[in-house]
Amino acid sequence: MDDFISEIKKRRTFAIISHPDAGKTTLTEKFLLYGGAINQAGSVKGKATAKHAVSDWMEIEKERGISVTSSVLQFNYGGYCINILDTPGHQDFSEDTYRTLMAADSAVMVIDGSKGVEAQTRKLFKVCVMRHIPIFTFINKMDREAMDTFELLDDIEKELGIATCPINWPIGSGKAFRGVYDRNTRELEIFSGTKKGTAVGEVQKAPIDSERAREIVTEEQYEHLEEEIELLDGASAEFDQELVDKGELSPVFFGSALTNFGVETFLRHFLQMTAPPLPRMSDKGEIDPMAEKEFSAFVFKIQANMNKAHRDRIAFMRICSGEFDAGMDVFHIQGGKKVRLSQPQQLMASERKMVEKAYGGDIIGVFDPGIFSIGDTLTNSSERFAYEGIPTFAPEHFARVRQVDTMKRKQFIKGINQIAQEGAIQIFQEFNTGMEEIIVGVVGVLQFDVLKYRLKNEYNVEIHMENLPYEHIRWIENEEIDMDKLTGTSDMKKIKDLKDRPLLLFVHSWSIRMVLDRNPGLLLSEFGRS
Ligand code: G4P
């Protein structure tokens with residue numbers, strides 16, 4: 001077997017999503033501890049030790065305690081090479097999460113057991129379901145008083161429209177949380193002696209029917225567990241790997257990331273259930289990493305100014321097939337020429353390091369001199385195929401933006417354009433005027449704050465923002481249409497994108513129907529094109 005194939009088979013690449021504070025960082029940290037990539041918790045995000053968070057690049061993230069950008073961590077565990085993609089913890093950044101999910105083969109959803117699916121996360125989790133990738137649920141903080149377990153599962157099923165299948169079951173919660181019951185082996189796993197911030201802990205296992213099982217939990221807990229198992233075996237969906245692979249059934253695990261209860265159990269099961277790098281669709285059909293020998297990758301994220309001192313811009317790409325060597329030349333399909341992938345980087349636990357070699361399934365960040373766009377394909381295959389594009393979400397909030405100091409026009413335009421290229425915002429112009437007035441569209445309002453903050457901090461430009469009442473955007477598909485003759489509604493506004501393509505903004509959704517009725521032949525689309 002080719003060497004690179006065995007490397008690819010070892011890869012497991014997944015995104016981790018959660019509501020802020022549900023415990024994503026703590027869980028990631030524990031994974032790294034089990035993998036031996038770090039020695040002490042707090043290295044990833046040590047509020048206590050005041051070390052900088054690996055995944056929190058921007059000041060604003062620290063200020064607000066949410067993670068705005070995505071990052072990647074790689075570590076080894078049990079013969080696997082694991083890539084974890086971090087995602088923003090707020091639904092206002094669900095588009096960013098969606099793009100990150102494009103680079104992942106599965107997703108781990110962390111839920112706080114005392115809160116269930118939270119309002120803020122609903123949209124974020126739904127993009128996971130939209131992507132149809134396997135979703136694994138880790139219900140965390142079982143060491144705190146949790147919601148009723150059946151209610152929690154019900155909550156996930158109703159809110160997200162995905163069936164659940166508990167792989168294990170919690171024994172008690174809060175102070176009485178003892179461990180989990182493994183439904184497959186029918187064993188109790190009782191945890192003790194764990195130390196906060198370490199991977200240390202003892203696990204005692206005992207078959208449910210054994211004397212030992214009755215000794216290690218209280219009589220009440222034992223009886224309660226027996227009742228719940230009976231109910232569960234009768235009511236819950238059976239484990240079905242095929243449904244898991246299609247993203248229709250989510251295996252559920254319980255535990256406490258802080259106290260190491262159930263973390264390693266989860267990691268082990270999860271790694272067996274999640275797939276190695278999967279084939280991906282291109283304009284030449286499916287590209288299978290186990291068959292395609294040549295390097296291929298697509299860009300899913302662009303991030304500028306990660307290091308303020310260097311004003312760098314990094315394009316993150318998911319390698320889909322083959323092998324990557326530092327400094328190699330590859331063909332950039334959209335650019336139509338060969339490019340050298342320079343300064344390739346990967347995040348290892350707490351530091352960024354240069355990559356010498358990487359394989360299908362891995363994520364690398366390369367220096368981008370401003371040539372890459374989100375969705376671009378790079379490959380050395382003689383086939384010259386392009387991977388399927390990444391859809392853009394229709395913005396739902398709009399504002400008119402201008403710089404406060406007219407002398408700073410140039411920086412303003414540069415900054416706003418660069419931030420738009422990263423896909424964090426979309427920019428438009430008034431239909432009949434030039435670039436003076438810029439209209440910014442975002443999916444979540446928090447992105448406005450990020451824009452304001454970044455323009456000030458990275459480009460030294462203060463902006464004035466006037467919110468606009470529009471909530472719906474439509475691209476005009478038949479561009480030959482005479483915009484001056486278009487019969488609109490009173491709540492409609494004509495704008496254009498940077499490529500001069502006409503668009504319409506609406507306050508009310510019913511006006512869209514009306515405009516379509518008033519202008520026979522008009523074709524409107526909800527999705528943008530890059
Ligand atoms: P996030 O990345 O999803 O935002 O969450 P993070 O891991 O930062 O965890 C948020 C808070 O919840 C942290 O407390 C963390 O210690 C706590 N936490 C995480 N997992 C568990 C768990 O299993 N049980 C309990 N009881 N708490 C958990 P903090 O006080 O905000 O920070 P710190 O001072 O502990 O670092």
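**Charges and rings**

A: Exposure is judged by relative accessible area, and over 50% counts as exposed. In this predicted model, Glu-220 has a relative accessibility of 67% and therefore counts as exposed. Glu-220 belongs to helix α8, residues 219-235.

Q: Which negative surface patch includes Glu-220?

A: The patch is made up of Asp-209, Glu-219, Glu-220, Glu-223, Glu-226, Glu-227 and Glu-230.

Q: How many salt bridges does the structure hold, and where do Arg-212 and Glu-215 lie?

A: A salt bridge requires a side-chain nitrogen of Lys or Arg within 4 Å of a carboxyl oxygen of Asp or Glu. The structure holds 28 salt bridges. One of them joins the side chains of Arg-212 and Glu-215, with an N to O distance of 3.3 Å. Both residues lie in helix α7 (residues 211-216), three residues apart, which is about one turn of the helix. Arg-212 is partly exposed, because its relative accessibility is 36%, whereas Glu-215 is exposed at 57%.

Q: What parts of the chain does the pair of Lys-357 and Asp-325 link?

A: The side chains of Lys-357 and Asp-325 form a salt bridge of 2.6 Å, N to O. This pair links distant parts of the chain, 32 residues apart: Lys-357 is in strand β21 (residues 357-359) and Asp-325 in strand β16 (residues 323-325). Lys-357 counts as partly exposed at 37% relative accessibility, and Asp-325 counts as partly exposed at 33%.

Q: Are Asp-497 and Arg-501 buried or exposed?

A: Both Asp-497 and Arg-501 are buried. Their side chains meet in a salt bridge of 2.9 Å, N to O.

Q: Which residues are linked in a network of salt bridges?

A: Such a network connects Glu-7, Lys-10, Arg-11 and Asp-362.

Q: How many aromatic pairs are there, and why is the pair of Phe-14 and Phe-270 edge-to-face?

A: There are 15 aromatic pairs. The ring centres of Phe-14 and Phe-270 are 4.6 Å apart and their planes stand at 80 degrees, so this pair is edge-to-face. The pair links distant parts of the chain, 256 residues apart, with Phe-14 in strand β1 (residues 11-18) and Phe-270 in helix α10 (residues 263-273). Phe-14 counts as buried at 0% relative accessibility, and Phe-270 is buried with a relative accessible area of 0%.

Q: Why is the pair of Phe-266 and Phe-270 stacked?

A: The planes of Phe-266 and Phe-270 are at 20 degrees and the ring centres 5.6 Å apart, so the pair is stacked. Phe-266 and Phe-270 both lie in helix α10, four residues apart.

Q: Which residues form one aromatic cluster?

A: Phe-14, Phe-31, Phe-136, Phe-138, Phe-253, Phe-266 and Phe-270 form one aromatic cluster.

Terms used: Residues numbered from 1 in each chain as written. Predicted model: local features only at pLDDT ≥ 70, side-chain atom pairs only at ≥ 80, totals over all residues. Heavy atoms only, no water. Patch = residues over 30% accessible without salt bridge, like charges linked within 9 Å, V, L, I, M, F, W, Y side chains within 5 Å. Areas by Shrake-Rupley, 256 points an atom, 1.4 Å probe, with all protein chains shown as cover. Lys, Arg positive; Asp, Glu negative; His and termini not counted. Charge placed at Lys NZ, Arg CZ, Asp CG, Glu CD. Helix = DSSP H or I, 4+ residues; strand = E, 2+ residues; numbered from the N terminus. Buried < 20%, exposed > 50% of the residue type's maximum accessible area, 1.4 Å probe, protein only. Phe/Tyr/Trp six-rings, centres within 6.5 Å; stacked < 30°, edge-to-face > 60°.
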